[in-house]
Amino acid sequence: YMDFAGSGIVHMVGGFGALVGAVFAGARSGRWENPDEYAPHSLPFVVFGTFLLWFGWYGFNCGSTLELHTAAKGFMAAQVAMNT
């Protein structure tokens, strides 16, 4: 097992932070009173958020190699980019 770039702890901390945020934020007001009148999604925001996540993952994963001064590290960064 190899925890590349600390992904285990990064996802654990992120998940815990999201759980704490959801507990503090609570349920959306008015969500269950008239469910047919509630519009929960905005397609432009969904597309924009998806693009931001993709861009962030791609940059973070390739940048996690932390060095490109040798050919081996360059090939590793390229492999990470292709697997992302």
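**Order of elements**

I began with the order of elements, and from the N terminus on the chain of this predicted model runs α-α-α. The count I noted is 3 helices and 0 strands, where helices (H or I, at least four residues) and strands (E, at least two) are DSSP runs, numbered from the N terminus. I then looked up the radius of gyration of the chain, which is 19 Å, well over the 12 Å that the globule rule gives for 84 residues, so the chain is more spread out than a compact globule. For that entry I keep the rule itself beside the value: the radius is taken over C-alpha atoms, and the globule rule is 2.2 Å times the number of residues to the power 0.38. Along the principal axes, the C-alpha atoms of the chain fill a box of roughly 60 × 25 × 20 Å.

**Ground rules and confidence**

I number residues from 1 along each chain as its sequence is written, and I leave hydrogens and water out, since side-chain values use heavy atoms. The model is predicted, and I note that local features need pLDDT of at least 70 and that side-chain atom pairs count only at pLDDT 80 or more, while totals for chains, interfaces and linings use all residues.

I looked up pLDDT next, the predictor's confidence in each residue, from 0 to 100. The chain has a mean pLDDT of 82, and 93% of its residues reach 70 or more. Confidence is highest in helix α1 (residues 7-25), at a mean of 92, and lowest in helix α3 (residues 71-83), at 81.

How many aromatic pairs does a search of the whole structure find? I found 2 aromatic pairs. F51 and W54 are 3 residues apart in helix α2 (residues 43-63), which separates them by about one helical turn. Both entries read partly exposed, F51 with a relative accessible area of 46% and W54 with 47%.

F51 also forms an aromatic pair with F55, and that pair is stacked, at 6.2 Å centre to centre and 25° between the planes. Being 4 residues apart in helix α2, F51 and F55 are likewise separated by about one helical turn. F55 counts as exposed, at 55% relative accessibility. I therefore wrote F51, W54 and F55 down as one aromatic cluster, since rings pair within 6.5 Å.

I then looked for a nonpolar patch on the surface, and one is formed by F48, F51, L52, W54, F55 and Y58, with about 680 Å² of accessible area together. Patches are made of residues with over 30% relative accessible area and no salt bridge, with like charges joined within 9 Å and nonpolar side chains (Val, Leu, Ile, Met, Phe, Trp, Tyr) within 5 Å. A salt bridge, for that rule, is a side-chain nitrogen of Lys or Arg within 4 Å of a carboxyl oxygen of Asp or Glu.

**Single residues and distances**

In helix α3 I looked up Q79, which is exposed, with a relative accessible area of 51%. The C-alpha atoms of Q79 and C62, 17 residues apart along the chain, are separated by 8.6 Å.

G17 lies in helix α1 and counts as partly exposed, at 39% relative accessibility. Between the C-alpha atoms of G17 and P35, 18 residues apart along the chain, I noted 28 Å. My last entry is F55 and I9, which are 46 residues apart in sequence and 21 Å apart in space, C-alpha to C-alpha.

Conventions:
Phe/Tyr/Trp six-rings, centres within 6.5 Å; stacked < 30°, edge-to-face > 60°. Buried < 20%, exposed > 50% of the residue type's maximum accessible area, 1.4 Å probe, protein only. Areas by Shrake-Rupley, 256 points an atom, 1.4 Å probe, with all protein chains shown as cover.
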